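Me: Hi! I'm new to this one, could you walk me through it?
Reply: Happy to, let's look at it together.
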Amino acid sequence: MLNPYGVQVLQVATIVGGAPLVSGVIAHVEGRLQGRRGPRILQPYYDLAKLFRKENLVTEESSWVFLAAPIVAFACYLIVPLLIPVLTTYGLPLGYMGDILGGGFVLSLAGFSVALAGTESGAPYAQLGSSRAMTFGALIEPTLLFVVFAVALITRTDLPYALAATVRLSASEMVRPAHVLAAVAFFLLVLADTGRIPVETHSGTLEFGMIDEGRTLEHSGPALALLQWGSNMKQLILYTILIDVFVAPWGLAGSGRVLSVVLAVPALLGKAMVVGLVFAVIDNSFSKLRLFKITEFLAASFLLAVLAVLVYYVGGG
Amino acid sequence: MTASSVLVAIVIVPFVVSVATFFLPVRMSKPLTVVTGIAIFALSAALVPRVLRAPIRVGGTLQADALSVVFLVATAFLYATTAIFAAGYLHLEAGRSGARYGRLFYSGINLFCWAMVVAPVVNGIALLWVAIEITTVVSALLVAIDDTEAASEAAWKYVLLASLGLGIALLATIVMYYAGTATFGPAYNLSYAKLLAGAHHFPPAAVRLAFVLAVLGFGTKMGLVPVHTWLPDAHSEAPTPVSALLSAALLAICFYAILRFYQITERAVGSTYPRDVLLVFGVASLLLAALYLLRQRDVKRLLAYSSVEHMGILAIGMSFGVQLATIGVLLHVLSHAAAKGTAFFGSGSIVRKFGTKDMRRIRGGVGVLPWSGPLMVAAILALSAMPPFGIFRSEFLIVSGGLSDPHDAGAAILVVLVTIAFFGLSWFTSQTMLSPDPRPGGAPDQVVGAPDQVVGAPDQVVVTRGEPSVWIVVAMVIGLGALLVLGVHLPSQLSQLLDQAARELGGPR
Amino acid sequence: MGSVPSTYSGTTDLLTLLVLLTEFAMLRAPLLRSQIRLYAFQSLVVTVLAIVVAASRHVPDLYALAAVTFVLKVVLVPGLVLRLMRKADTDLAGSSVLGVASMILIAILVSVFGFVTITTLHLHSDVLPTPTLAISVAIVLVAFVLIILRQDVVSQAVGFFSLENGVDVASLVVAAGLPLLVDVAFLFDLLVAVVVFGVIMRVHHGRSNTLSTHDMDRLRG
């Protein structure tokens, strides 16, 4: 039997260690989809290693915030895996530290600090990226709240573990309209929040279309490495919530036995890769929306989330 | 002939005639339609004594009780008189319109009438909906048949609004079905007898919802405010025979559909609720129509708003929930059919003669139209509820029924608004019909101006004294004769029929 | 409230919701063609719903109805309207009275109204899922919004057809046992209505050379 705290540490380690791998797989598949050979699957690790070896350049106008922000963001991404079901079906001791809303706030704090660093740099494109990220963040927030409401109504609690447990109960829970609507709304949010098409071209070099990517333009060396790593982790965290809370909470460890916990790690990473593939396909089949049309995209997810709550109230759906 | 074979004949003959007239030349369609109309009226009248003995049922699909026959008689009467009128009306059109127009017109008119005579005799609210939907599609095509820009606009508004209304009515039907599943299980047929028998056990909330939806849905086609907006457009732009059928028969058929829902609702949740709903819609319709009548300049729109007014009267009359008022309402259906039909025939004659529907250009109608002019005046007076015509009698019954009710505010409102409407209509009469002759001192025939609405008519219309067609006069004489009969001496069987239909509709038991 | 719906009612609710969402998408779609395609998709969902209801409630009649629905609404009606559009290739996109965001907001409000109205009626039944009724009322109301706010004959007609889809959903789930004859009569009526709509659209286009309803304001008073 593994110590619960040990499992907790393993959860964080899975996210920290697995995040670049998932990103690498997605980038590789994307390359294949576009008819290229694509980068090596382990490329993100090499990139990080290279960046850590480089020196840290800071613009003259910047203050300490510029350097502190990547560390704060990274710390935030380390906290969130403590709160969500990553490997286990049962709640871990620190899992009750915060609910789904708390996790959301910690993620927002990370985004906020990165945006702050972007404005701190004094570079116009980084500032543009920061202001856009904040603007769309403000539009994403209400949708996220409605998704949380829907989840909370269904489970009568806002703990991520409880929702996962409810979904595992029966097929009726899976096809329950409120649940499906909330899940789809959340899916769209993940799409927007991980900087994917139709909201943003995540691998482009065109500064005008950048939102999230733009914020980190001025960072370099270890700071940039932390930011990239953080963004990989954020992606995996959101995938994990989507998988383990909404869509497919299977393959998790039901007890603290070593084998089941160890097996849960590849299970999670495998599922995350499958989700990543879906995102990659979406990425390659749609075109980017005009900046001002992104509100419509977000409005659609808002509509879904509102309907989820409504349907619940009408008929317990 | 047995009662059921009469019923079957009523349902089959017009359809066959409609198909036939599509292939026959106009000169044969004309007498054929007239004969069919008269025959259907005769058959319907023949049903009256039989239905007084017992309701007639044919299989699961056809049924006629007293209520059905009241509406059947009204519709069939319009069928006959409109056929006669159209014979004169289309005679004038023949010059410009060619054989295709005539064939489409006659086939459409017969199909339209078929759907309208079928609607009251089908058994069940689902089939009733189907019949009324058929009336919509056919009449929309008939409204558009003149192929002018205004006609296509009117037809579009009509078909869209009426279809939406019927969509709501379909929802009402389905909700009513839902209400019944609690009693009859998930599968049953929607016949009246079954619904009425089980209505006591229906969940009240569902029935209430169904009733409101039905009033809103069928009310759209019946011309209840605020869902009446298509009505003046369609009535003014359609060919006059179609206007007459729309206004005098179709609106009543939709009222019939509402009455069927009323019957069920009344048994399920008591009469207070449906009466209140009808009162609200009725007062709104009557009020708005009365005000619009005061400032109307187009003859056919005037008559259209008068229809809205009378539909409002029907709804208010039902809302009194008194046997006497209910009898008045049913008599009103009959007399309004006759009066409005006649008035539209007269307007057809006027429009032909003056080449315009604009009342500011119509002067001295009585002088110019020696027969249809005075008849038109009489028809308008009848519409304003002047004795000795039928509408006077029916409104009198409605109002006295309403006054016997403790809440007689409805009756008071009714009287006031009907008086306002009377002003509007009498202004029309005095301005257009009773004004001085446009040909002072027998001067050469005067040119009154280019017709702006009647497409294809000659550029200028020369007003000469004389009737456009003798058929029009015949149709109007028949209509006014019927109104006189209804007003002066109600045939005893008809009066029994109305009594029985009112009993079927409930009221105090 | 709060009790878990059965798998059957969950599935039907979900399909009904999909119909509602398509209705929203129609409200948003600027191109007339995409609107018609959305209608075809919506009808396809209705067909699937018919099959689900037929299978789970054991109403074999509904299989036939599903087939008829598919042929009529997924193939025939969109085909007819698209053919009409091809003849009248003057307008590609319709115009609307309000912007997309306002339209969606109004539609959300309207569907909330529908939901609340039906919920306050407390129409509970053991065998029939209530939310579906509420959702189909919402579909009907959103279709109304579509018809009122779009200003071209194609959108308005498609709005009416989709309204009919909403009523159809209600009839499938709430009145599954409705005699097949009646159902088919309803569908047949729809077909006739489509033809009539088409004829009048053609007349309108022939007269005014546009599919817009913008100048349909000559008759008033």
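Reply: A quick term to start with: helices (H or I, at least four residues) and strands (E, at least two) are DSSP runs, numbered from the N terminus. This is a predicted model, where local features need pLDDT of at least 70, side-chain atom pairs count only at pLDDT 80 or more, and totals for chains, interfaces and linings use all residues. Residues are numbered from 1 along each chain as its sequence is written, chains are lettered from A in the order in which they are written, and side-chain values use heavy atoms, without hydrogens and water.

Me: Thanks! Which pair of chains shares the most contacts?
Reply: Of the two pairs in contact (heavy atoms within 4.5 Å), chains B and C share the most.

Me: And what about chain A and chain B?
Reply: Chains A and B do not touch, and their nearest C-alpha atoms are 16 Å apart.

Me: Back to B and C, how many residues are in contact?
Reply: On chain C there are 49, in contact with 48 of chain B.

Me: How many salt bridges are found across that interface?
Reply: Zero between chain C and chain B, counting a side-chain nitrogen of Lys or Arg within 4 Å of a carboxyl oxygen of Asp or Glu.

Me: Which helix gives the most to the side of chain C that touches chain B?
Reply: That's α7(C), with 15 residues. Also on that side, α4 (100–121), α5 (130–149) and α6 of chain C each supply at least two residues.
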